[in-house]
Amino acid sequence: MIFRQFFDPVSSTYTYLLASGRGREALIIDPVKEQTAQYLDAIDALGLKLVRAIDTHTHADHITALGELRDATGCVTLMGEYTKAQCVSARVRDGEILDVDGIRLQAIYTPGHTDESFSFVLGPDAPRAVFTGDVLLIRGTGRTDFQAGDPHKSWDSIVNKLFRLPDDTVVYPGHDYKGWTSSSIIEEKQRNPRLAGKTESQYVEIMRNLKLPNPKLMDIAVPANLACGQA
Ligand code: FE
């Protein structure tokens with residue numbers, strides 16, 4: 001399997017490129033508009049054909065490359081079924097399995113950070129990794145104070161859906177601000193300070209008291225991303 005993790009230093013966003021083999025069909029998760037040339041270079045160097053570009057949710061801190069990649073490669077742009085982005089060419093339902101040339105990803109509805117966030121489990125029959133978007137981060141969780149976020153739903157998505165994956169499932173988040181590149185379900189169960197040993201009401205209390213400033217790009221990024229980054 002081909003697997004590449006890209007980093008956008010401005011928004012600390014991770015983007016993932018997956019393909020079953022060289023010269024084969026590929027998919028990309030959470031691409032950033034400013035890094036489009038880098039993705040296209042990698043796709044070209046590996047002789048891949050991009051067939052799907054997926055956003056886990058409508059991002060507020062960077063502009064998506066979905067539209068640019070669709071223009072450049074003819075790929076299908078895809079989000080979860082509750083997205084308000086009219087521009088996407090396909091939507092996935094909760095539980096649906098995407099198969100790109102043998103790379104199997106199961107979409108799971110994991111609201112909380114936004115009301116339309118999905119996570120994607122790699123190899124759902126024997127899970128190897130999960131792309132969590134911003135609902136579960138490394139030693140953190142995505143904020144729940146805008147875009148119809150809800151700390152109760154975040155708890156439910158993490159504890160009752162993601163934490164039911166096998167302990168050794170690798171966690172690939174949508175962001176990291178400290179240089180961590182991946183984690184695992186067991187690590188986050190045991191070491192995530194917002195979750196480990198906490199009750200739902202304690203978690204909700206933590207999330208309601210984060211008092212974070214709005215992302216600098218929010219007023220630009222959200223409307224742009226509803227148009228696949230091409231508003
Ligand atoms: Fe986000």
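The model is predicted, so to speak of local features a pLDDT of at least 70 is needed, side-chain atom pairs count only at pLDDT 80 or more, and totals for chains, interfaces and linings use all residues. Residues are numbered from 1 along each chain as its sequence is written, and side-chain values use heavy atoms, with hydrogens and water left out.

Let's start with strand S2, residues 13–19. Strands (E, at least two residues) and helices (H or I, at least four) are DSSP runs numbered from the N terminus. In S2, 7 of 7 residues are buried, meaning under 20% relative accessible area (1.4 Å probe, protein chains only). Thr-13, Thr-15, Leu-17 and Ala-19 point one way, while Tyr-14, Tyr-16 and Leu-18 point the other.

| Partner of S2 | Direction | Bridges | Residues between the strands | Positive phi |
|---|---|---|---|---|
| S1 (residues 2–8) | antiparallel | 7 bridges | 4 residues | Ser-12, near 55° |
| S3 (residues 25–29) | antiparallel | 4 bridges | 5 residues | Gly-23, near 75° |

Asp-8 stands opposite Thr-13, and Tyr-16 has Ile-29 in S3 as its bridge partner.

Now to the rings. Those of Phe, Tyr and Trp (its six-membered ring) pair if their centres lie within 6.5 Å; planes under 30 degrees apart count as stacked, over 60 as edge-to-face and the rest as tilted. The count comes to 13 aromatic pairs. One of them, Trp-155 with Tyr-203, is tilted, at 5.7 Å centre to centre and 45° between the planes. Trp-155 is in helix H3 and Tyr-203 in helix H5, 48 residues apart.

Note on methods. Buried < 20%, exposed > 50% of the residue type's maximum accessible area, 1.4 Å probe, protein only. Pairing = 2+ DSSP bridges.
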